[in-house]
Amino acid sequence: MNSINISQKAKNKHLNFSHYEFIINSLIQFNACHPGKRNIGKTQFIKELASTVGTTVSNIYSIIKDATISVKDYNLKVHYELSAMAAFEKKSKNHKIPNNSKFEKSKEFISLVKQEVKSNRLSSIDETINYLKLHQPDIIKNMVTVSTKTFYSYVHQGRTSIKPIDLPRMVRRKKKELEVIHSKKTERHFHYRKTRIYQG
């Protein structure tokens, strides 16, 4: 393991650059000590590395993947190296993506679904999306799509021109309330509707 001391990351916080450097430098040292068959003891090494840093094993593998870069030498031969900066920048970039980025990227698909739903008022959003994916994949193959659940969320948030009242399956009838009468004589419960009139 790397001789450099590293503190575990704080709970519910992202790894900082020093953690990335420690992970990558530790891996480089491990690979140097285990040339050739590098898988020997590597799984246990990754587990210990994750425990030392305070993260998950899957996150360590993800960082290694992001840190792997291809480099060409003077003979234009490609070989691979590990870069802590490359991994950190990639993760930092992903963390800065705003929550509405999916909405912005999928505007073309959302517009198509809106058009289809409004042209056929009997079709729901899930029917329309499933139809496009199953029967018209060529039309949407270059579009960023969203799931039915996500689309319904956009509708409820008012981010589309479709309103809940426009959809056949989003407006539910309110159930009629029932009252319970407790009879002291019989100790029984009777249910009746508010709107119904009983004559004695």
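**View 1. Helix α7 passes helix α9 in a right-handed crossing.** A crossing counts as right-handed if the near helix is turned clockwise from the far one by less than a right angle, and left-handed if anticlockwise. The contact involves Ile125, Asp126 and Ile129 of α7 with Thr148, Phe151, Tyr152 and Val155 of α9; contact means heavy atoms within 4.5 Å. By class, these residues are 5 nonpolar, 1 polar and 1 charged. Ala, Val, Leu, Ile, Met, Phe, Trp, Tyr, Cys and Pro count as nonpolar, Asp, Glu, Lys and Arg as charged, and the others, Gly among them, as polar. The model is predicted: local features need pLDDT of at least 70, side-chain atom pairs count only at pLDDT 80 or more, and totals for chains, interfaces and linings use all residues. Residues are numbered from 1 along each chain as its sequence is written, and side-chain values use heavy atoms, leaving out hydrogens and water.

**View 2. The axes of α7 (residues 125-135) and α9 (residues 148-156) cross at roughly 135°.** They come within 10 Å. Axes are lines fitted to C-alpha atoms, for helices over the stretch in contact, with angles from 0 to 180 degrees between N-to-C directions. The angle makes α7 oblique to α9. Under 35 degrees counts as roughly parallel, over 145 as roughly antiparallel, 65 to 115 as roughly perpendicular, and the rest as oblique.

**View 3. Helix α1 (residues 17-33) meets α3 at roughly 80°.** Their axes come within 11 Å. That makes α1 roughly perpendicular to α3. Tyr20, Ile23, Ile24 and Leu27 of α1 contact Ile60, Ile63, Ile64 and Ala67 of α3. The tally is 8 nonpolar, no polar and no charged.

**View 4. Helix α3 (residues 57-67) has buried residues Ile60, Ile63, Ile64, Asp66 and Ala67.** Buried means under 20% relative accessible area, exposed over 50%, partly exposed in between (1.4 Å probe, protein chains only). These residues cover an arc of only 165° around the axis, so they lie on the same side of α3. The arc is that of the directions from the helix axis to the C-beta atoms. The face turned away from the buried side carries exposed Ser58 and Lys65.

**View 5. Serine 106 sits in the loop between α5 (101-105) and α6 (107-119).** Serine 106 is buried, at a relative accessible area of 0%. Not counting residues up to four places away in sequence, serine 106 touches Val144 and Val146.

**View 6. Arginine 159 lies in the loop between α9 and β3 (178-182).** Helices (H or I, at least four residues) and strands (E, at least two) are DSSP runs, numbered from the N terminus. Arginine 159 is partly exposed, with a relative accessible area of 31%. Arginine 159 and phenylalanine 103 are 56 residues apart in sequence and 9.0 Å apart in space, C-alpha to C-alpha.
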